[in-house]
Amino acid sequence: MSQQDEEGGVAPVDLGDIEQYETAEEAQRAAEEAQRADAASGSGDASDPGADAAAGPTAEEYAALKAERNRLYEAWLRTSADFDNYRKRTEREREEFRRHAIESLFLQMLPVLDNFERALGSLPADIPRGFLEGVTLIYKQLQDVLAKQGLTPLATEGQMFDPHLHEAVETEAADLPHHQILGEVQKGYRLGKRVLRPALVRVCVHPEEEVDIQVDDEAESGGDAS
């Protein structure tokens, strides 16, 4: 070291030292990068459980998972179908129960309605007009309530006899078409599309036509027998 350096207090600068320092810093950075690279490569090692999970299931595991998925899907389909059938059956049973309940109630009310009509038909002629109008209005209100529930009377006046709708309780010869209804003995009613009670009617018959029909039947049967 020179005298000027000692007097000025400035340390000598060695170029070799500077080169050695820069090389050490670069070595440190290289060591750190190598350490990070080793850590990254070590995370993908086969001995690491996380690496196995990231790699995905094996073929056997995939086949087992697929089979389980198919089993659960088929079970869901069966359960869904069973529930849909149960829902439809419950709705059908509920509707049938409701229909039977209404039919039972109306069948018990029909005799009351018949007596109401008979009472209206047998009122004395000198009854006060206000009383007659009031009772008639009550009867009409009752008919309206029943009609809202689907109860409607069967038509008989001027109709031809229909065994599905009418029940003949009396026959009479008259100058009318054969099997035409002459009059109504008791009203019949329909609940929705079902006949709740057939109408009791008087029917016009022509005996000669009944005989002709019987003769035709006998002749046909005789012809078949021969």
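Author: Not counting residues up to four places away in sequence, His 166 touches Ala 155, Thr 156, Met 160, Phe 161, Ile 181, Pro 198, Ala 199 and Val 201. Before going on: this is a predicted model, where local features need pLDDT of at least 70, side-chain atom pairs count only at pLDDT 80 or more, and totals for chains, interfaces and linings use all residues. Residues are numbered from 1 along each chain as its sequence is written, and side-chain values use heavy atoms, with hydrogens and water left out.

Reader: Is His 166 buried or exposed?

Author: The cut-offs are these: buried is under 20% relative accessible area, exposed is over 50%, and partly exposed is in between (1.4 Å probe, protein chains only). His 166 has a relative accessible area of 4%, so it counts as buried.

Reader: Which backbone oxygen lies 3.4 Å from a polar atom of the His 166 side chain?

Author: First the idea: a polar contact is a pair of N or O atoms within 3.5 Å; within protein, one must be able to donate a hydrogen and the other to accept it, and residues adjacent in sequence count only if both atoms are side-chain atoms. Here the backbone oxygen belongs to Ala 155.

Reader: Which strand holds His 166?

Author: Helices (H or I, at least four residues) and strands (E, at least two) are DSSP runs, numbered from the N terminus. His 166 sits in strand β2. The protein chain has 6 helices and 6 strands, and from the N terminus they run α-α-α-α-α-β-β-β-β-β-β-α.

Reader: What is the strand order in the sheet that includes β2?

Author: To read a sheet, look for pairs: two strands pair if DSSP finds at least two bridges between them. This open sheet has 3 strands in the order β2-β6-β3, and the pairing is mixed. Its edge strands are β2 (166-172) and β3 (181-186), each pairing on one side only. β2 and β6 run parallel, joined by 6 bridges, with Glu 170 opposite Arg 202 in β6. On the β3 side, strand β6 (residues 199-204) pairs in the antiparallel sense over 4 bridges; Gly 183 has Arg 202 as its bridge partner, and Glu 184 has Val 201.

Reader: Why is β6 largely enclosed by the rest of the structure?

Author: Count its buried residues: 5 of the 6 residues of β6 are buried, so the rest of the structure largely encloses it.

Reader: Now a helix. Which residues of α5 are buried?

Author: Here's the general idea: an α-helix has 3.6 residues a turn, so residues three or four places apart point the same way. In α5, the buried residues are Val 135, Tyr 139 and Leu 146. Seen down the axis, they fall within an arc of 40° (taken from the directions from the helix axis to the C-beta atoms), so they line one face of the helix. Arg 129, Gly 130 and Lys 148 are exposed on the other side of α5. The cover over the buried residues includes α4 (59-121) and β1 (151-153).

Reader: How far does α5 reach from its first C-alpha to its last?

Author: The expected span is 1.5 Å times one less than the number of residues. α5 (residues 129-148) has 20 residues and reaches 29 Å, close to the 28 Å expected. Just after α5, Gly 150 takes a positive phi of about 100°.

Notes
Contact means heavy atoms within 4.5 Å.
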